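I opened this model to take notes on its sheet, its charged pairs and its nonpolar core. The entries below follow the order in which I looked things up.

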Amino acid sequence: MCAALVFRVLGTLQADRDGCPLPLPSLRQRAVLAALLSRAGRPVPADELVEAAWGERLPHHPKAALQTVLSRLRATLGAELISADMSGYRLNVTADEVDALRFEALRERAAHVPDAAAAGLLEAALALWRGPAYTEFADRDFAGAEAVRLNELRAATVEDYADLSLRSDRKSVV
């Protein structure tokens, strides 16, 4: 059985296996992983991963250099986690393995349950946050829009939670 792997982007990028942080020492590895996580489950073209890792200062052989970064990521995370096809590279994860996806799933569930249960779900969703989304990459093209979207969704969730808290206080007074 495969050990539980969790990716955290609601704050500084982190990957954990069974609660233990995995080493992601290279900034390039971290950038490529963040780019893959920003589109979890969807393909990311190789050129976009090269740009995420090197920006405008490309290595002499960008595709070969990307292969090295991906090989090191696969060694750390598991070979089966990153797949490739004609459209690019894909991080094969479920919603339970990425904190941002869990956050959105909890928020979605909260919209369809009674207020008391919704408050608990929103509280659990907000507890996943450790800082601004994609903290170290929020100013980069590959993560910027996703970071803004998630941070705005967090603010909306805080407002929704506050509204639920006020409504439950009003009900308990009556």
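**Sheet.** I began with strand 1 and strand 2, which pair in the antiparallel sense over four bridges; strands here are DSSP runs (E, at least two residues), helices are DSSP runs too (H or I, at least four residues), both numbered from the N terminus, and two strands count as paired if DSSP finds at least two bridges between them. Within this pairing I noted that Arg-8 stands opposite Gln-14 in strand 2. The three strands form an open antiparallel sheet in the order 1-2-3. Strand 1 (5-8) and strand 3 are the edges, each with a single partner strand, so one side of each has no neighbour in the sheet.

**Basis of the entries.** I am reading a predicted model, in which local features need pLDDT of at least 70 and side-chain atom pairs count only at pLDDT 80 or more, while totals for chains, interfaces and linings use all residues. Residues are numbered from 1 along each chain as its sequence is written, and side-chain values use heavy atoms, with hydrogens and water left out.

**Backbone.** I then looked up two residues that have a positive phi although neither is a glycine: Asp-18, at about 55°, and Tyr-134, at about 50°. Asp-18 lies in the loop between strand 2 (14-17) and strand 3 (20-21), and Tyr-134 in the loop between helix 5 (115-127) and helix 6 (141-173). Asp-18 is exposed, with a relative accessible area of 54%, whereas Tyr-134 is buried at 3%; buried means under 20% relative accessible area, exposed over 50%, and partly exposed in between (1.4 Å probe, protein chains only).

**Charged pairs.** Side chains of opposite charge can pair when their charged atoms come close. I took a salt bridge as a side-chain nitrogen of Lys or Arg within 4 Å of a carboxyl oxygen of Asp or Glu, and the count by this rule is 10. One of them joins Glu-136 and Arg-30 at 2.4 Å, N to O. Glu-136 is in the loop between helix 5 and helix 6 and Arg-30 is in helix 1 (residues 27-37), so this pair ties together parts 106 residues apart in sequence. Glu-136 is partly exposed at 29%, while Arg-30 is buried at 14%.

I also found Asp-160 bridged to Arg-107, with the closest N and O atoms 2.7 Å apart. Since Asp-160 lies in helix 6 and Arg-107 in helix 4 (residues 99-110), the pair ties together parts that are 53 residues apart in sequence. Asp-160 is partly exposed, with a relative accessible area of 31%.

**Nonpolar core.** Which residues touch the most other members of the largest nonpolar core? A core here is a set of buried Ala, Val, Leu, Ile, Met, Phe, Trp, Tyr and Cys residues joined through side-chain atoms within 4.5 Å. Of its 56 residues, those touching the most other members are Phe-7, Val-32, Leu-33, Leu-36, Leu-37, Leu-66 and Tyr-134. Helix 1 gives the most to this core, with seven residues. Leaving aside neighbours within four places in sequence, I listed the contacts of Leu-37 (heavy atoms within 4.5 Å), and they are Phe-7, Val-9, Leu-13, Leu-91, Val-98 and Tyr-134.
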